[in-house]
Amino acid sequence: MSIAGNLQHVSASLPDHVTLIAVSKTKPDELIMEAYDAGQKDFGENYVQELADKQARLPKDIRWHFIGHLQSNKVKYIAPFVHLVHSVDSLKLLQEINKQALKNNRTIDCLLQVHIAQEDTKFGFSFGECKALLESADYKALGNVRLKGLMGMASNTAQETQVAREFSGLQAFFNDLKALYPFLEELSMGMSGDYQLAVKNGSTMIRVGSSIFGERSYPAKD
Ligand SMILES: *Cc1c(COP(=O)(O)O)cnc(C)c1O
């Protein structure tokens with residue numbers, strides 16, 4: 001199927017309130033433009049240099065989502081334009097995003113990445129750490145970042161019950177937090193293999209790569 005056909009296929013199954021982010025990491029400009037010309041405006045990338053290069057070359061109305069592990073010393077390269085950072089996994093990183101946002105005279109929207117998978121290779125906060133961060137004076141002192149919600153990645157397993165348990169756990173936590181902090185609106189969860197399950201469990205943003213652009217030729221998961 002074509003990229004336009006793939007996009008349509010994925011979108012057709014989504015409720016209106018769910019944003020589809022096309023994950024274009026490792027993919028060339030031509031394929032991104034195919035998706036763009038089919039109407040896709042939200043794209044996700046994992047690597048700072050790759051994202052900065054693509055942003056410079058591609059249409060300026062693309063909303064670029066950063067979804068990979070972000071090192072503090074690289075924030076400055078994406079701060080001028082990034083639409084949403086999904087992968088905030090430390091206070092130090094959030095403070096650096098705030099600093100670079102201020103330098104660029106803007107406010108940067110962010111999600112806290114929550115660790116829900118069994119593998120311990122994945123980054124992210126525990127539920128308790130998320131809550132503590134939101135309550136902290138350190139966070140409240142940051143005037144140029146806006147926390148918009150949470151992001152999670154389920155275990156990389158074919159066991160659907162395990163993935164469903166992780167998604168529903170994050171949904172329950174998100175709903176509890178939202179009752180305290182109504183500005184939390186977005187729950188970013190779901191990839192090519194599990195987005196339907198994620199949407200059933202309250203996802204508002206899905207990050208889909210291979211189901212749109214085809215398999216990647218080199219591993220690109222941080
Ligand atoms: C690569 C990646 C995706 C997309 O993965 P697919 O399986 O290709 O859909 C989604 N989220 C994150 C954080 C990723 O790194």
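A crossing of two helices is right-handed if the near helix is turned clockwise from the far one by less than a right angle. Keep that in mind for the first stop. The model on screen is predicted.

**Stop 1: two helices**

Select residues 127-135, helix α6, and residues 160-180, helix α8. Their axes come within 11 Å. The crossing angle is roughly 20 degrees. Angles under 35 degrees count as roughly parallel, and α6 and α8 are therefore roughly parallel to each other. The crossing of α6 past α8 is right-handed.

Now show side chains. On the α6 side, pick F127, C130, K131 and L134. They meet G169, L170, F173, L177 and L180 of α8. Colour this contact by class: seven residues are nonpolar, one is polar and one is charged.

**Stop 2: the ligand**

Move to the ligand and select its surroundings.

Next, look at oxygen atoms of the ligand. From K25, a polar side-chain atom lies 2.8 Å from a ligand oxygen. At N46, a side-chain N or O atom is 2.9 Å from an oxygen of the ligand. S210 uses its backbone: an N or O atom there lies 2.8 Å from a ligand oxygen.

**Stop 3: K148**

Select residues 145-153, strand β6, and find K148 within this strand.

Which residues is K148 in contact with, leaving aside neighbours within four places in sequence? Select D109, C110 and L111, then F183, L184, E185 and E186. Those residues complete the K148 contact list.

Terms used
Residues numbered from 1 in each chain as written. Predicted model: local features only at pLDDT ≥ 70, side-chain atom pairs only at ≥ 80, totals over all residues. Heavy atoms only, no water. Axes fitted to C-alpha atoms, helices over the stretch in contact; angles between N-to-C directions. Helix = DSSP H or I, 4+ residues; strand = E, 2+ residues; numbered from the N terminus. Parallel < 35°, antiparallel > 145°, perpendicular 65-115°, else oblique. Contact = heavy atoms within 4.5 Å. Nonpolar A, V, L, I, M, F, W, Y, C, P; charged D, E, K, R; others polar. Polar contact = N/O pair within 3.5 Å; in protein donor to acceptor, adjacent residues only side chain to side chain.
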